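Try each task before you read its solution.

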Amino acid sequence: MKISLIQENLAKALLHINKAVSNRPNIPVLANVLLETEKGQLKLSATNLEIGVSSWIGASVAEEGSITVSAKLLADFVNSLKPGKIELIQQGQTLVVKSVDNTAEFFIIPADDFPTLPEVEGEASLDLNALQFADAIASTVFAAGTDESRPVLTGALLTAEKKELSVVALDGFRLSKKKLTLDNALPEAITEVVPAKALSEVEKLIKDTANEESRLKIYLMSNRNQMLFKLDDVELTTRLIEGKFPNYEDILPSEKLLTFKIKKSDFSDTLKVVSIFARNVVGNKARFKVDTTEEKLMLAANVIDLGNNESTVK
């Protein structure tokens, strides 16, 4: 392998793929980034066997090749370099990285030891506005469970039919649902449970790179129980969660005892005050009381032997 490329581009790609690098891998190669030349570009890939990320950047390829080196060490070194042109040259069992005033060598693990990541297959199952999808993730995955003994609750349910996509997450105590309208009707319905952690990484990727016009393409990988998210030159793959997601429609109340409106900013400010005391209570609980006569909402929390708080908002 012998290539030259721009430091800024390599640093950005390493930032993306490091989301999938294992911190404490059982297999040494999982701490590495796979570097391979492909159609006049450099492809970088990383995986922790739960999610995988690939990114393509432009490069001048003098000699083809594929190797793996420490992802963290390479990222730290590249980030410390000045902007400009750098060279990557394989010499035996090392990768030499050169800039104008710096040279480093990285020991190689053969690319054959690196797990194969899924690639795009056929047409995208979903094609939608990236920022809208990121907003749907942010509005829901916080409600997903963290108890690995109930794995299906650690994911979010993605349901798409005709021109509507819904994202739902719940943990047994709370539930959040967000609906999106698709540009085009789908030929067939989609129902999959996607790990909340993977969706959070998709959200970060979108917010790091997307603009208002960016499109996110989502692929269901045939016979592999995996989903692939593609945004420009970056792809993120994740395993799907098997199991039956709870019938959340039965959880939603069918009758309302009371309905009221409140200014969002006032409610948010009040919650910040009450949470000072509520976060110290077992279960992080606050009491809600609505005074329909005075048209007030009262929130209260207390910490035994320390203090208490009661806040009111119109």
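The accessible surface of the protein chain in this predicted model comes to about 18200 Å², and carbon and sulfur atoms account for 48% of that surface.

**Exercise 1.** Describe the overall make-up of the protein chain: how many helices and strands does the secondary structure come to?

*Solution.* Start with the secondary structure, which comes to five helices and 21 strands. Next, take the extent: the C-alpha trace spans about 80 × 50 × 40 Å along its principal axes. Then turn to burial, where 44% of the 314 residues are buried. Finally, look at contacts between residues at least 6 apart in sequence: 65% of these join residues at least 24 apart.

**Exercise 2.** Locate serine 99 and decide: is serine 99 buried or exposed?

*Solution.* First find its place, in the loop between strand E8 (94–98) and strand E9 (103–107). The relative accessible area of serine 99 is 16%. Buried means under 20%, so serine 99 counts as buried. Last, list its contacts beyond the neighbours within four places in sequence: Leu81, Lys85 and Ile86.

**Exercise 3.** Search the whole structure for cavities of 30 Å³ or more, and work out which element gives the most to the lining of the largest cavity.

*Solution.* The search finds one such cavity. The largest cavity holds about 50 Å³ of space. Its lining includes Lys43, Trp56, Leu117 and Glu235. Strand E4 (51–58) and strand E18 (234–239) are the elements that give two or more residues to this lining. E4 gives the most, with four residues. Sorted by class, the lining has four nonpolar, three polar and three charged residues.

Definitions and conventions: Residues are numbered from 1 along each chain as its sequence is written. This is a predicted model: local features need pLDDT of at least 70, side-chain atom pairs count only at pLDDT 80 or more; totals for chains, interfaces and linings use all residues. Side-chain values use heavy atoms; hydrogens and water are left out. Buried means under 20% relative accessible area, exposed over 50%, partly exposed in between (1.4 Å probe, protein chains only). Contact means heavy atoms within 4.5 Å. On a 1 Å grid over the protein atoms alone, a cavity is a set of points where a 1.4 Å probe fits but cannot get out, and a pocket is an open set with protein on both sides within 12 Å along at least five of seven lines; lining residues have an atom within 4 Å of a point. Grid points are joined across faces, edges and corners, and a volume is the space filled by probe spheres set on the points. Ala, Val, Leu, Ile, Met, Phe, Trp, Tyr, Cys and Pro count as nonpolar, Asp, Glu, Lys and Arg as charged, and the others, Gly among them, as polar. Accessible areas come from the Shrake-Rupley method with a 1.4 Å probe; for residues, only the protein chains shown count as cover.
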